[in-house]
Amino acid sequence: MPSPSSDAACGICQKLALSKLAPVFENELWHVRPIDAPSGVPGWMMMVARRHVAGPAHFDEREVASFGPTWCHLQRVLLEVTGALRIYTAAMGESSPHFHGHLVPRFAEMPKEAKGWAVFDLERAAKAGEVMSDEAEVTRLTEAFRAALVKSPPLAP
Ligand SMILES: [Zn+2]
């Protein structure tokens with residue numbers, strides 16, 4: 001059975017252990033939280049593996065069984081909560097030893113009128129100050145997503 005990684009040299013392990021940012025949802029395998037502020041798009045969430053695992057090619061049996069239902073559930077709930085047209089998804093695995101999938105609401109109106117691949121650049125643009133994040137809306141959507149997942153959590157792994 002996998003257990004969450006605890007590596008003093010890993011920023012994500014530290015963040016998860018100290019709950020510096022309260023998770024929107026968490027179970028034995030996954031941790032769900034908003035992307036670090038400033039967010040390029042309100043409602044931009046990440047589903048993070050609690051252990052060091054590079055990606056789906058390396059998931060163990062439990063992660064394989066849980067990933068699909070959990071991911072699809074998060075997509076459905078985030079779509080409903082945000083009223084977005086769709087939820088963009090990506091996982092690149094460049095910045096941390098924890099698999100982390102991005103869930104990004106694609107609204108009718110987007111910062112910089114971004115769509116397609118350009119949406120993922122809004123993360124960099126927000127950190128560079130090229131787009132202003134609506135912090136009140138980020139908070140509102142984060143709290144709405146949290147409340148919806150309390151009411152209707154993903155299946156336990
Ligand atoms: Zn770690």
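What follows is a chat about the fold of one chain in a predicted model.

Student: What is in the chain, in terms of helices and strands?
Tutor: This is a predicted model. The chain has four helices and five strands. Along the sequence they come in the pattern α-β-β-β-α-β-β-α-α.

Student: And how compact is the chain?
Tutor: Its radius of gyration is 15 Å, close to the 15 Å that the globule rule gives for 157 residues, so the chain is as compact as a globular protein of that length. Along the principal axes, the C-alpha atoms fill a box of roughly 45 × 35 × 30 Å.

Student: What share of the residues is buried?
Tutor: Buried residues make up 30% of the 157.

Student: What share of the contacts comes from residues 24 or more positions apart?
Tutor: They account for 59% of the contacts with a separation of 6 or more.

Student: How many bridges join strand 2 to strand 3?
Tutor: Five, and the two strands run antiparallel.

Student: How many from strand 3 to strand 5?
Tutor: Four bridges, again antiparallel. There, M47 stands opposite G101 of strand 5.

Student: Which residue of strand 5 partners I87?
Tutor: P105 is the bridge partner of I87. Strand 4 and strand 5 are joined by five bridges and run antiparallel.

Student: Back to strand 3. Is it enclosed or open to the outside?
Tutor: Four of its five residues are buried, so strand 3 is largely enclosed by the rest of the structure.

Student: Next, helix 2. What is its span?
Tutor: Helix 2 covers residues 61-82, and its end C-alpha atoms are 32 Å apart. At 1.5 Å a residue, its 22 residues should span 32 Å, which agrees.

Student: Where does helix 2 bend?
Tutor: At F67, by about 35°. A proline, P69, follows within four residues.

Student: Which of its residues are buried, and what do they pack against?
Tutor: The buried residues of helix 2 are E63, T70, L74, V77, L78, V81 and T82. They pack against strand 2 (30-34), strand 3 (45-49), strand 4, strand 5 and helix 4 (135-151). Just after helix 2, G83 takes a positive phi of about 70°.

Student: Which residues of helix 3 are buried?
Tutor: V119, L122 and A126 are the buried residues of helix 3, which runs over residues 118-127. They cover an arc of only 25° around the axis, which puts them on the same side of helix 3.

Student: What covers them?
Tutor: The cover includes strand 4 (86-90) and strand 5 (100-106). Helix 3 is followed by G129, whose phi is positive, near 80°.

Student: Now the loops. Where is A91?
Tutor: A91 sits in the loop between strand 4 and strand 5. With 14 C-beta neighbours inside 10 Å, A91 counts as partly exposed.

Student: What does A91 touch?
Tutor: Leaving out residues up to four places away in sequence, A91 touches G55, F99, H100, G101 and H102. A91 and H102 are 11 residues apart in sequence, and their C-alpha atoms are 6.1 Å apart.

Student: What about the backbone at K112 and E113?
Tutor: K112 has a positive phi of about 55° although it is not a glycine. E113 is not a glycine either, and its phi is positive at about 50°. Most residues other than glycine have a negative phi. K112 lies in the loop between strand 5 and helix 3, and E113 is found in that loop too.

Student: Last one: is the bond from A37 to P38 cis or trans?
Tutor: Cis, with omega near -5°. P38 is in the loop between strand 2 and strand 3. Most peptide bonds are trans.

Methods: Residues numbered from 1 in each chain as written. Predicted model: local features only at pLDDT ≥ 70, side-chain atom pairs only at ≥ 80, totals over all residues. Buried ≥ 20, exposed ≤ 12 C-beta atoms within 10 Å, placed from the backbone. Arc of directions from axis to C-beta. Contact = placed C-beta atoms within 7 Å. Rg over C-alpha atoms; globule rule 2.2 N^0.38 Å. Pairing = 2+ DSSP bridges. Expected span 1.5 Å × (residues − 1). Bend = angle between axes of the 7 residues up to and from the residue.
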